[in-house]
Amino acid sequence: MQLYIDTANIDEIRQAHDMGVLDGVTTNPSLVSKEGVDFHDRLQEICDVVKGPVSAEVVSTEHDAMVEEAEPLIQIADNIVIKLPSTVDGLKACKTLSDRGVKVNMTLCFQPLQALLVAKAGAFLVSPFIGRIDDIGSDGMELIQQLRQIYDNYGFETKILAASIRHPLHLVQCAMIGADVVTVPFKVIQQMMQHPLTDKGLAAFLADWDKLQKAKGKQPAGV
Ligand code: G3P
């Protein structure tokens with residue numbers, strides 16, 4: 001399962017990249033707006049750090065305008081992926097751009113038939129939003145299961161990118177179902193390596209080691 005970070009914050013991206021396990025980045029207009037920076041400049045900064053796919057979303061809503069808006073974004077770096085909404089115009093733009101060899105991430109996917117059509121249109125990634133489905137009292141993970149089965153039934157190569165991830169359990173479930181990629185807020189990436197028994201166990205090991213060193217008159221562990 002590939003791991004992307006879902007943020008436009010360059011410090012978070014650098015920290016996640018330094019962990020050595022980051023495969024890509026997703027951004028969206030809300031995340032960029034939170035940073036208050038120039039979109040193109042920030043994408044350039046991100047692509048200087050991360051060599052895997054970096055999703056950049058268009059804000060146009062009609063086919064021609066979407067394709068036009070994608071042009072300067074594609075020029076920023078080879079690893080830019082154009083993010084389009086899962087609408088009819090988005091579907092048409094997906095087909096146009098994919099036929100030209102541009103990688104597309106179809107976002108705001110909330111039901112399996114959207115995912116079926118965007119795969120037929122050649123999408124590189126599809127982004128089902130798990131957390132937002134959970135938010136309205138439905139089961140977001142069921143959508144991941146449906147997409148996995150549909151794509152496997154027909155051998156579609158579009159990658160399932162589980163998005164709107166809210167907590168580590170979402171990641172465990174995505175990995176068990178077989179989502180190809182998860183895009184995760186920095187806070188949840190940090191939680192992935194946390195366990196209180198790891199901390200407690202390490203503290204006990206170090207304390208025991210210190211006792212031994214003190215008994216021998218040597219430097220304590222962790223110094
Ligand atoms: O990648 C999509 C993601 O940013 C949406 O997450 O938490 O706003 O539903 P959220």
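Author: A polar contact is a pair of N or O atoms within 3.5 Å; within protein, one must be able to donate a hydrogen and the other to accept it, and residues adjacent in sequence count only if both atoms are side-chain atoms. The model is predicted: local features need pLDDT of at least 70, side-chain atom pairs count only at pLDDT 80 or more, and totals for chains, interfaces and linings use all residues. Residues are numbered from 1 along each chain as its sequence is written, and side-chain values use heavy atoms, with hydrogens and water left out.

In the side chain of Asn 28, a polar atom is found 3.1 Å from an oxygen atom of the ligand. For Ser 164, the corresponding separation between a polar side-chain atom and a ligand oxygen is 2.7 Å. In Asp 6, a side-chain N or O atom is 2.5 Å from an oxygen atom of the ligand. The protein buries 81% of the 310 Å² that the ligand exposes when taken alone (accessible areas by the Shrake-Rupley method with a 1.4 Å probe; for residues, only the protein chains shown count as cover).

The residues that surround the ligand also include Phe 129, Arg 132, Ala 163, Arg 166 and Thr 183 (a residue is near a molecule or strand if one of its heavy atoms lies within 4 Å of it). By class, this shell holds 2 nonpolar, 3 polar and 3 charged residues (Ala, Val, Leu, Ile, Met, Phe, Trp, Tyr, Cys and Pro count as nonpolar, Asp, Glu, Lys and Arg as charged, and the others, Gly among them, as polar).
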